[in-house]
Amino acid sequence: MSTPAVKQQAHEKKRLLSGMQPTGPGALHLGNLEGALRTWVRLQDEYEMYCFIADWHSLTTRYQDTAAIGPACREVAADYIAAGLDPNKCAIFLQSHVKEHAELQLLLGMITPVGWLERVPTYKEKRDLLQERGEGDESVSYGLLGYPVLQAADILVYRAHSVPVGRDQAAHLEMSRELARRFNRLYGDTFPEPQALIMEDTGVIPGIDGRKMSKSYGNAIYIRDDADTVARKVKEAFTTPSKMRKSDPGVPEKCAVCQLRKLYDPTGYSASWEEDRQGLRGCMQNKAELTEILNDMLNPMRVRRAELLADPAELDRILTHGAEKARETAEATMAIVRKAMHF
Ligand code: TYM
């Protein structure tokens with residue numbers, strides 16, 4: 001049974017929240033764009049939206065290099081807007097500007113069994129990666145282990161109903177749901193269980209080496225890449241390993257270039273795939289065509305993001321305004337949470 005605190009008024013729009021990390025070069029890549037950001041843009045009219053930049057999360061692996069985080073955050077904000085997010089419809093803000101995320105993270109941390117966190121696949125991957133890089137045991141921090149608790153706080157502090165993310169975030173979302181249930185059991189109904197909104201037809205976007213596109217693999221094509229950089233990266237991309245000559249049959253399902261073509265040319269790709277399969281087209285032609293498709297798609301976004309980044313004061317105003325709106329909602333939730341916990 002829901003208490004009135006959890007019930008939604010019939011006239012209210014459903015609340016939707018999501019975020020991205022400003023790690024690496026800061027700017028977003030095609031995986032971020034297609035896996036999540038496009039969905040945000042599509043849903044911004046329908047939902048009450050909160051789209052933030054997870055600057056605290058980026059400390060979980062890169063706490064040594066904090067000077068790069070500020071500029072990286074502006075890049076992400078510019079990408080959000082260049083892709084079509086409208087700051088008048090959707091609160092765009094930095095996680096670190098809304099301290100309520102930290103308060104809820106602390107409280108949720110008290111009720112999170114350590115065993116749950118040690119089993120999270122992304123924790124194990126990141127821990128192994130840091131150790132592989134020879135960064136030693138001390139690089140694996142309490143903050144890294146607690147990553148999903150902060151993510152749960154990000155979501156629950158807005159009592160969000162839906163969270164549009166790529167498939168790689170499913171385990172984190174499951175943890176957020178478990179924590180919402182655990183909190184509700186302990187202190188009474190407070191949080192709705194947030195649903196992951198995953199676009200199954202988009203799936204995981206491959207990078208130029210065929211693995212998942214990721215900032216940490218060095219295989220990403222960024223929104224900010226200029227036309228020549230896109231051409232160079234596509235030229236380096238992996239295709240069917242056994243296709244040495246044009247006449248060798250390709251396997252489009254195993255070719256990063258063909259996979260990206262399918263995504264960006266949903267009506268025209270099948271003819272090129274068929275020719276590839278029959279050895280009627282070479283990888284160079286495939287790459288040249290993909291480069292053109294990608295550059296046509298990215299061009300307007302590049303122009304818009306450059307305009308935005310040329311006016312950092314305006315970007316900062318957008319982020320300040322977004323944080324004000326977010327803080328109001330987060331503070332209202334925290335009043336309910338403190339009361340439920342008798343603080
Ligand atoms: P992050 O910054 O790694 O990724 C941002 C979003 O992009 C999606 N994504 C992909 N989708 C498809 N194919 C890919 N190759 C690909 N790479 C990335 C991710 O699924 C994600 O939706 N933990 C989060 C940030 C976060 C968050 C939150 C998200 C912090 N708090 C609260 C939602 C709600 C992350 O690191 O995303």
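Predicted model: local features only at pLDDT ≥ 70, side-chain atom pairs only at ≥ 80, totals over all residues.
1. Overall fold. The chain's secondary structure amounts to 14 helices and 5 strands. Its radius of gyration is 21 Å, against 20 Å from the globule rule for 343 residues, so the chain is as compact as a globular protein of that length. The C-alpha trace spans about 75 × 45 × 40 Å along its principal axes.

2. Burial and contacts. Buried residues make up 51% of the 343 in the chain. Take the contacts between residues at least 6 apart in sequence: 77% of them join residues at least 24 apart.

3. Aromatic pairs. The count is 7 aromatic pairs. One of them joins Tyr50 and Tyr158, with ring centres 4.9 Å apart and planes at 25°. Planes under 30 degrees apart count as stacked, so this pair is stacked. The pair links distant parts of the chain, as the two residues are 108 residues apart. Tyr50 sits in strand 2 (residues 48-53). Tyr158 sits in the loop between helix 8 (147-156) and strand 4 (162-164).

4. The cluster around that pair. Tyr50, Phe52, Phe93 and Tyr158 are linked into a cluster by ring pairs. Are Tyr50 and Tyr158 buried or exposed? The cut-off for buried is under 20% relative accessible area. Tyr50 has 1% relative accessibility, so Tyr50 is buried. Tyr158 has 0%, so Tyr158 is buried too.

5. Backbone at Arg159. Most residues other than glycine have a negative phi. Arg159 is not a glycine, yet has a positive phi of about 45°. Arg159 lies in the loop between helix 8 and strand 4, the loop that also holds Tyr158. With 14% relative accessibility, Arg159 counts as buried.

6. Backbone at His342. Which segment holds His342? His342 is in the segment after helix 14 (312-340). Phi of His342 is positive as well, near 60°, and this residue is not a glycine. His342 has a relative accessible area of 74%. Exposed means over 50%, so His342 is exposed.

7. Points to inspect. For side chains, view the stacked rings of Tyr50 and Tyr158. For the backbone, view the positive phi of Arg159 and that of His342. Arg159 is buried, whereas His342 is exposed.

Key
Residues numbered from 1 in each chain as written. Heavy atoms only, no water. Helix = DSSP H or I, 4+ residues; strand = E, 2+ residues; numbered from the N terminus. Rg over C-alpha atoms; globule rule 2.2 N^0.38 Å. Buried < 20%, exposed > 50% of the residue type's maximum accessible area, 1.4 Å probe, protein only. Contact = heavy atoms within 4.5 Å. Phe/Tyr/Trp six-rings, centres within 6.5 Å; stacked < 30°, edge-to-face > 60°.
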